[in-house]
Amino acid sequence: MARSFGQTIAFGALAALIALASATSQAVAVEEMRQFNDDGKAGKTKSCPSGQRYSEKKHGCVRTSCGTGQVWSSGIEACVDGNSASLTDEDLYLAGRDLGQQAHYAEALKLFFRVKNREQARVLNSIGYSTRKLGDVDKGIDYYHQALAIDPNFTKARQYLGEAYLQKGDVAKAKEQLMEIADRCGGPCDDYELLVKAIAAHVTGEPIVGW
C-alpha cells in the first residue's frame, strides 16, 4: 500500500535521526513537564509557568500550588480540602496533571479517579500515563486505547502509546503510532518530535530521562 506524504516524511526523518544519534552517541532527554502537558488545548488557554494558572479575575497568572491534601479551586481561587464539594472536574484534572508533572503519579491517580466524567480522552490519557509511570505498562496501554477510542486524533495519547510499546520492546508498533501522528498533525508537531526521539534513543540504546 502506498505511503501518504506524511508517512514518507516521517520515515525519512526517523531514519535521519537514528543515523545522527548513532554518530553522536548523545543521550536523549524527554522533559517530564512537557510530556505531561496533555490537555489538547494548545492555543485555547492562557500560558502560565508550571504551578500557576491564568486568572480571569486578576487578568494574569496566579500561583496555584497547594499543600498536601489540598487542591486549587478555580471557583474561589484558593486552595481547599481535596475532598471539597466545590472542586470541579476541571479542578481535579488540572491538580492531577500538576502532580504528574512533579512525578507524584499515585497522588495524581487519586484525583483523576475522582473526576466524575472520566470518559474524556485527556483524562483517560493522563490515567494511562501515571499508571504506566507506576510500572503497569499494559494497563497504561489499555487506558491510551480508551482515550483514542474517544478521540483518534489525540496525538498526545498516540505519543504515549508509542513510548509504552517501546518499553515493551515493540518498535514496529511504536513506529505505527509515529505514522499516525505524522498524518494527523499535517506537519511538524511536538508529539511527533518527542516520539521520534524516543524511538531513535531506543534503537541506538541511548537513555531516556524519566523512563
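Predicted model: local features only at pLDDT ≥ 70, side-chain atom pairs only at ≥ 80, totals over all residues.

User: How many helices and strands does the protein chain have?
Analyst: Read along the sequence, the pattern is α-α-β-β-β-β-α-α-α-α-α-α-α. The totals are nine helices and four strands.

User: What percentage of the residues in the protein chain is buried?
Analyst: A residue counts as buried when its relative accessible area is under 20%. The chain has 211 residues, and the share of them that is buried is 44%.

User: Among contacts between residues at least 6 apart in sequence, what percentage joins residues at least 24 apart?
Analyst: A contact here means heavy atoms within 4.5 Å. Among the contacts in the protein chain between residues at least 6 apart, those that join residues at least 24 apart make up 53%.

User: Which residues lie closest to the centre of the second largest pocket?
Analyst: This pocket has a volume of about 500 Å³. Its lining is made of 21 residues. The closest to the centre are Gly67, Gly69, Gln70, Leu99 and Leu111.

User: Which helices and which strand each supply at least two residues of the lining of that second largest pocket?
Analyst: By class, the lining has six nonpolar, ten polar and five charged residues. The elements that each supply at least two lining residues are helix H3 (89-101), helix H4 (105-112) and strand E3 (70-73).

User: How many residues apart are Arg122 and Glu90, and which helices hold them?
Analyst: Arg122 and Glu90 form a salt bridge, with their closest N and O atoms 2.3 Å apart. The pair links distant parts of the chain, with Arg122 in helix H5 and Glu90 in helix H3, and the separation is 32 residues.

User: Is Arg122 buried or exposed, and what is the value?
Analyst: The cut-off for buried is under 20% relative accessible area. Arg122 counts as buried because its relative accessibility is 10%.

User: Why does the salt bridge of Lys168 and Asp138 tie together parts that are apart in sequence?
Analyst: The side chains of Lys168 and Asp138 meet at 2.8 Å, N to O. Lys168 lies in the loop between helix H7 and helix H8, while Asp138 lies in helix H6, so the two joined parts are 30 residues apart in sequence.

User: What are the relative accessible areas of Lys168 and Asp138?
Analyst: Partly exposed covers the range between the buried limit of 20% and the exposed limit of 50%. Lys168 is partly exposed at 47%, and Asp138 is partly exposed at 48%.

User: What separates Arg184 and Glu180 along helix H8?
Analyst: The structure holds five salt bridges. In one of them the side chains of Arg184 and Glu180 meet at 2.2 Å, N to O. Arg184 is partly exposed at 31%, and Glu180 is partly exposed at 31%. Because they are four residues apart in helix H8, their separation is about one helical turn.

User: What is the distance between the C-alpha atoms of Thr155 and Asp191?
Analyst: Thr155 is found in helix H7 and counts as buried at 13% relative accessibility. Not counting residues up to four places away in sequence, Thr155 touches Ile181, Arg184, Cys185 and Asp191. Thr155 and Asp191 are 36 residues apart along the chain, and the distance between their C-alpha atoms is 6.4 Å.

User: Which residues does Thr131 touch, not counting residues up to four places away in sequence?
Analyst: Thr131 is found in helix H5. Its relative accessible area is 8%, so Thr131 is buried. The residues touched are Leu109, Asp136, Lys139, Gly140 and Tyr143.

User: What is the phi value of Ala103, which is not a glycine?
Analyst: Ala103 sits in the loop between H3 and H4 and is partly exposed at 42%. Its phi is positive, at about 65°.

Conventions: Residues numbered from 1 in each chain as written. Heavy atoms only, no water. 1 Å grid on protein atoms, 1.4 Å probe; cavity = no way out; pocket = protein on both sides within 12 Å on 5 of 7 lines; lining within 4 Å. Points joined across faces, edges and corners; volume = space filled by probe spheres on them. Nonpolar A, V, L, I, M, F, W, Y, C, P; charged D, E, K, R; others polar. Salt bridge = Lys/Arg side-chain N within 4 Å of Asp/Glu carboxyl O. Buried < 20%, exposed > 50% of the residue type's maximum accessible area, 1.4 Å probe, protein only.
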